[in-house]
Amino acid sequence: METQQNRKKNLSLAKREADAILATNANRLLLIEALLICGVFVALSLSMTASFASLLSILSQESESLAMLLTLGYLLALGTLMLFLACPVLLGLFHLAERMQAGDAPTLGDLFYFLTSPARYRRALTLSLAAFWKIALFVAVSGFTTELFYNLPKPTFLTSLCCWVLVSAELLATVALLLHRYAVCFYALRFEDVPVSQARRMARNDAHTLGARAPHFILSFLPWILLGIFSIGLLLVLDVVPRMLITYFCDCDRNAPAR
């Protein structure tokens with residue numbers, strides 16, 4: 001069991017290693033380009049959702065049942081697109097970071113690594129499903145929370161504040177669920193010859209998945225994340241997310257048993 005002092009020391013060393021990796025072979029630029037490509041999926045989904053919301057506002061005046069059916073169909077189509085296309089590409093971003101940390105020289109094409117063969121694609125879907133249902137649950141619960149508060153007879157600043165506090169708490173709970181087994185992604189990407197189920201067992205048995213390292217990792221980056229949000233996301237893309245990705249794999253690698 002790691003002590004808090006050892007966790008801080010190991011994470012500090014992992015951050016230094018990550019900075020060194022980002023400073024070589026144009027790795028930072030490569031991750032920024034990959035993040036911008038992933039951002040296209042986010043922009044596309046937001047644009048589609050905004051257009052669909054405008055359509056619904058018109059149809060709801062004609063028939064509420066039709067609007068409900070269209071909403072369910074749209075959510076199903078969007079979820080399918082995210083799971084079968086966006087998630088494998090997003091996982092390719094983690095693959096890029098893992099290869100950089102391992103000392104390789106990946107290219108931007110490796111962002112689509114999991115779309116290059118049926119076996120890799122199946123592996124990506126297996127990994128994505130575990131996270132997808134948690135994210136979908138957050139979207140559903142946060143959507144219900146927002147709808148509940150904004151449909152109050154007289155919404156006020158206080159009710160809006162309570163709404164965003166609840167949504168933030170739901171987001172933190174989702175992050176905690178996603179990081180419950182901190183090193184699953186590391187083992188699944190580093191050891192591609194083992195099944196995903198075995199990678200999960202390796203992460204479960206790993207000493208640094210006992211609940212302390214994941215929160216410490218997030219809290220150590222929290223000020224930078226907040227600063228990135230205030231910079232309209234620029235700092236997140238240019239520095240925070242690339243550093244977090246590489247630091248995660250450096251941190252896991254430092255604690256991984258020899259194989």
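**Exercise 1.** Is Asp-104 buried, partly exposed or exposed?

*Solution.* Take the cut-offs as the starting point: buried means under 20% relative accessible area, exposed means over 50%, and partly exposed lies in between, with a 1.4 Å probe and protein chains only. Asp-104 has a relative accessible area of 34%, and therefore counts as partly exposed.

The model is predicted, so that local features need pLDDT of at least 70 and side-chain atom pairs count only at pLDDT 80 or more, while totals for chains, interfaces and linings use all residues. Residues are numbered from 1 along each chain as its sequence is written, and side-chain values use heavy atoms, with hydrogens and water left out.

**Exercise 2.** Trace the salt bridges that involve Arg-190.

*Solution.* A salt bridge here is a side-chain nitrogen of Lys or Arg within 4 Å of a carboxyl oxygen of Asp or Glu, and six are counted by this rule. To begin, Arg-190 pairs with Glu-98, their closest N and O atoms being 2.4 Å apart. This pair links distant parts of the chain, since Arg-190 belongs to helix α6 (residues 184–190) and Glu-98 to helix α3 (residues 64–101), 92 residues apart; helices are DSSP runs of H or I with at least four residues, numbered from the N terminus. Glu-98 is buried, at a relative accessible area of 0%.

Next, Asp-253 forms a salt bridge with Arg-190, with 3.1 Å between the closest N and O atoms. Here too distant parts of the chain are linked, as Asp-253 is in helix α9 (residues 234–255), 63 residues from Arg-190. Asp-253 is partly exposed, at 31% relative accessibility.

How values were computed:
Helix = DSSP H or I, 4+ residues; strand = E, 2+ residues; numbered from the N terminus.
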